[in-house]
Amino acid sequence: MRSSGILLPLSSLSSPHGIGCAGREAYRFVDFLKAAGQRYWQILPLGPTGYGDSPYQSFSAFAGSPYYIDLDDLAERGLLTTAEIDAVDFGADPGRVDYGLLFENRFGLLKRAAGRMDPQDPALTAFFAENADWLEDYALFMALKEERGQVGFQRWPAALCGRHPRALAAARRRLADEIFFWKAAQYLFFDQWTKLKAYANQKGIRIIGDLPIYVSPDSADLWANGPLFQLDARGRPSEVAGVPPDAFSDEGQLWGNPLYDWKAHKKQGYRWWLRRLAVAASLYDLIRIDHFRGVESYYAIPAGAKNAVHGRWQKGPGMDFVGAIRSQLPQLGIIAEDLGLLTPAVRRLLAASGFPGMKVLQFAFDPSGRSDYLPFRYPRNTVVYTGTHDNTTTEDWQRSADPREVAFARRYLDVPQGESVTPAMIRAALGSVADTCIIPMQDYLALGKEGRINTPGTLGGNWTWRMLPGTVNRALAKQIRALTRLYGRI
């Protein structure tokens, strides 16, 4: 069935509390999607942000970010007062997230709310029990990070870094209150998000979540599951993740994430991964697996390298892993982020999996005309985007991209010089044969570079863009609905 949706991070919603959350504006956005004739809301990872405020470098592959807890809901529950919330500085710019202020000021409010919760509440204790397999380690990890001044766990005392049982037991006693807070914050996040998702589903809107393939080097996942990763004798990554040099970067991309020991995962029947996917399936209706080509083969870079030049390709778990997912989680909908270097082996794996891949129109206009991203080359089982969170907006692309690419795009889309290519790019995506079309909200708003979410390979200023209050309205919904109907996606 032909369908469409909008890409908008939860963090980018307007809110009086510094960052978008699972509150009133999220419900209003669901109503907007319904009015606009959309079937999908695609978001970015919801995990606690770590290094560089990136949702792809999270302290946990399972947890949700406490930043996304709706404070107004906590006031309605009697866990906070309006005066307590209003007394906190969340930042003066409604169009940007100030992560520094959030870190300094939001946790104090959340700890106050947690202190007013009943530890014997049956819903709370049931959540703790159902998620104990990841929640206990995550809460202890975060409590220890707080105690140790937020330094990475590799710099903790050896007994804590190495998870010696006596040291962990002492920490659990010493940090009992802090551990309860981190667990309670997860209960609040999951409770609010589950209700929002149910509302969206009731309105006919399905949530597309985003699952980073790798975990952060400073995460509860690596700390608690060391044998599942490629570590040296000191428990540190021996090689790390990234991608090799290409036309966009002479040095490649050095991500620094620890690599999986796929043999160890296979011996356990991919238990950790299947549990991770099952938790994600409770949060989303479909899951976009980031860097899916790493399932076929992954690029391993020596730990300590300054760039990604001297890495090597290693075989991934391939169809054995995909088969385990399909066998154990047969109802799970997956989108394979297959952008980048696509070898014949990657193409065969994608075809065998049955998962839809991705096409990005901003990558389509190589002047040679040979790009696989040109719409006439699309298979039906694919998801097309004008751009993603790692691209600039289409308005800015036409100004900042290679002029030869832009000129080709104007010819292909029949856009005269002096007119914006954005409306034509949206129409080309919607009109393509791809079963699913996802348009970034910034393109519907015709925003320039100020609307960019992330510039890969840079630190600072990313992940901060937010919509201003009142941005989405009936007129815009009517306009999007008309386009959606025109191209048979309603």
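In what order do the four strands of the open sheet lie, and is their pairing parallel or antiparallel?

Modeller: The model is predicted: local features need pLDDT of at least 70 and side-chain atom pairs count only at pLDDT 80 or more, whereas totals for chains, interfaces and linings use all residues. Residues are numbered from 1 along each chain as its sequence is written, and side-chain values use heavy atoms, with hydrogens and water left out.

The order of the open sheet is E5-E4-E7-E8, and the pairing is antiparallel. Strands (E, at least two residues) and helices (H or I, at least four) are DSSP runs numbered from the N terminus, and two strands pair if DSSP finds at least two bridges between them. At the edges lie strand E5 (253–258) and strand E8 (312–315), each of which pairs on one side only. Direction ignored, neighbouring strands of this sheet are turned by 50° against each other on average; the axes are lines fitted to C-alpha atoms, and angles run from 0 to 180 degrees between N-to-C directions. Strand E4 (residues 239–243) runs antiparallel to E5 and is joined to it by three bridges. Within this pair, Val243 stands opposite Gln253 in E5.

On a 1 Å grid over the protein atoms alone, a cavity is a set of points where a 1.4 Å probe fits but cannot get out, and lining residues have an atom within 4 Å of a point. Grid points are joined across faces, edges and corners, and a volume is the space filled by probe spheres set on the points.

The largest cavity has a volume of about 230 Å³. Its lining has 23 residues, with Ser60, Ala61, Leu211, Pro212 and Arg276 nearest the centre. Strand E3 (206–211) and helix H12 (271–283) are the elements that give two or more residues to this lining, and H12 gives the most, with four. By class, the lining of the largest cavity has 15 nonpolar, five polar and three charged residues. Here Ala, Val, Leu, Ile, Met, Phe, Trp, Tyr, Cys and Pro count as nonpolar, Asp, Glu, Lys and Arg as charged, and the others, Gly among them, as polar.

The second largest cavity has a volume of about 130 Å³. It is lined by 17 residues, of which Thr388, His389, Asn391, Pro440 and Gln442 are the closest to its centre. This lining divides into five nonpolar, 10 polar and two charged residues.

Terms used: On a 1 Å grid over the protein atoms alone, a cavity is a set of points where a 1.4 Å probe fits but cannot get out, and a pocket is an open set with protein on both sides within 12 Å along at least five of seven lines; lining residues have an atom within 4 Å of a point.
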